Protein chains: 2
Amino acid sequence: MTTRDTVLAAAQRLLTTDPTASMAQIATAAGVGRATVHRHFASREDLLHEIGRRSLDRWAATLVEAEVTDVIASADPERIRACIEEILGRFVIDAHELGIALTDPTVLNAADLHERATALFADEVALYAAAQAAGVLRSDVPARWLGHSVYGLLVAARDALVAGDIARNDAQALVRSTFLEGGAAR
Amino acid sequence: MTTRDTVLAAAQRLLTTDPTASMAQIATAAGVGRATVHRHFASREDLLHEIGRRSLDRWAATLVEAEVTDVIASADPERIRACIEEILGRFVIDAHELGIALTDPTVLNAADLHERATALFADEVALYAAAQAAGVLRSDVPARWLGHSVYGLLVAARDALVAGDIARNDAQALVRSTFLEGGAAR
């Protein structure tokens, strides 16, 4: 691991539990001096921007590796459902590791990151729209709302993990099941 | 409306759509000078703290006005279900009006606000636990997870409203229905 990666990994961990952590606290968590952190990242904003970029890289990789484009083209309900469960599981891991990127104002407001996030959201929503057409997801709500709901449940999973309210090994199943089946008793 | 309230209302609106808005931008949005904003709020942190306090006041008022304590004591499934629907509807309005408070790091990390939020979350979770015991909400997930899920769906509703992906008049029904029934087709 390069020093830069060590700093980033420590920053990701620390900022997810303490979103206002300073560069000095990040340096301590990484076990390096402040000067070393500043050699790699000119400012806290630069560091957060890089975490945001990594988060979008993971999101993009998940959609590619889950073959979302092919799955949409197949229009096969079973493949679509399996694909949704796969991407939700990967998103939960990423939300745990890169959780700060989900809600940090610096990340959300950077124009280049915002543009990429908008495009990835549209790709993801296309899967939910295909799922609606295939009878996998309900059709009485906007597909984009389903996309926002997934995002909201990822924020919930991150916070529940940080608070110690759910077990790490339960997080994926909880998000999948809550997104698909909701909270009402059956 | 006092000048202080005018500034706060403008700040709430602007920060919900632009979480990094500066004090100067808030002054412009409120139609007052920067000096006026600074006379009421010494810093951006002070202003955000006040928005956080107002947000918690609403949360507390909702739990009182929906008679959550009485509803829990009743153990009546119909009253519990109606109470959950009522608080979700109110939370959606508050998330729209005070949306910045849901995820702003300054708000979330202020020790006094965090302490109050923890206590209110526990009161809310007690309702979900009562709902599980009464067969209204599913019992195979932690009651605290249901609390986090509600919070996540409020973040989703705020973002979907800001993005223009859902109609304001649909937001309450979307959150209620998604929380209770989930996204799968029936």
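Author: Here it is, and note that this is a predicted model. In chain A, 67% of the contacts with a separation of 6 or more join residues 24 or more positions apart.

Reader: OK. How many helices and strands in chain A?

Author: Chain A has eleven helices and zero strands. Along the sequence the pattern reads α-α-α-α-α-α-α-α-α-α-α. The radius of gyration of chain A is 18 Å, close to the 16 Å from the globule rule for 186 residues, so chain A is as compact as a globular protein of that length.

Reader: What does the C-alpha trace of chain A span along its principal axes?

Author: About 55 × 35 × 25 Å.

Reader: Burial next. What share of the residues of chain A count as buried?

Author: Of its 186 residues, 50%. The accessible surface of chain A is about 8,000 Å². Carbon and sulfur atoms hold 52% of that surface.

Reader: Last topic, charges. How many positive and negative ones in chain A, and how far apart are their mean positions?

Author: Chain A carries 18 positive and 25 negative charges. Their mean positions are 5 Å apart.

Notes: Residues are numbered from 1 along each chain as its sequence is written. Chains are lettered from A and ligands numbered from 1 in the order in which they are written. This is a predicted model: local features need pLDDT of at least 70, side-chain atom pairs count only at pLDDT 80 or more; totals for chains, interfaces and linings use all residues. Side-chain values use heavy atoms; hydrogens and water are left out. Helices (H or I, at least four residues) and strands (E, at least two) are DSSP runs, numbered from the N terminus. The radius of gyration is taken over C-alpha atoms; the globule rule is 2.2 Å times the number of residues to the power 0.38. Buried means under 20% relative accessible area, exposed over 50%, partly exposed in between (1.4 Å probe, protein chains only). Contact means heavy atoms within 4.5 Å. Accessible areas come from the Shrake-Rupley method with a 1.4 Å probe; for residues, only the protein chains shown count as cover. Lys and Arg count as positive and Asp and Glu as negative; His and the chain ends are not counted. The place of a charge is taken as NZ of Lys, CZ of Arg, CG of Asp or CD of Glu.
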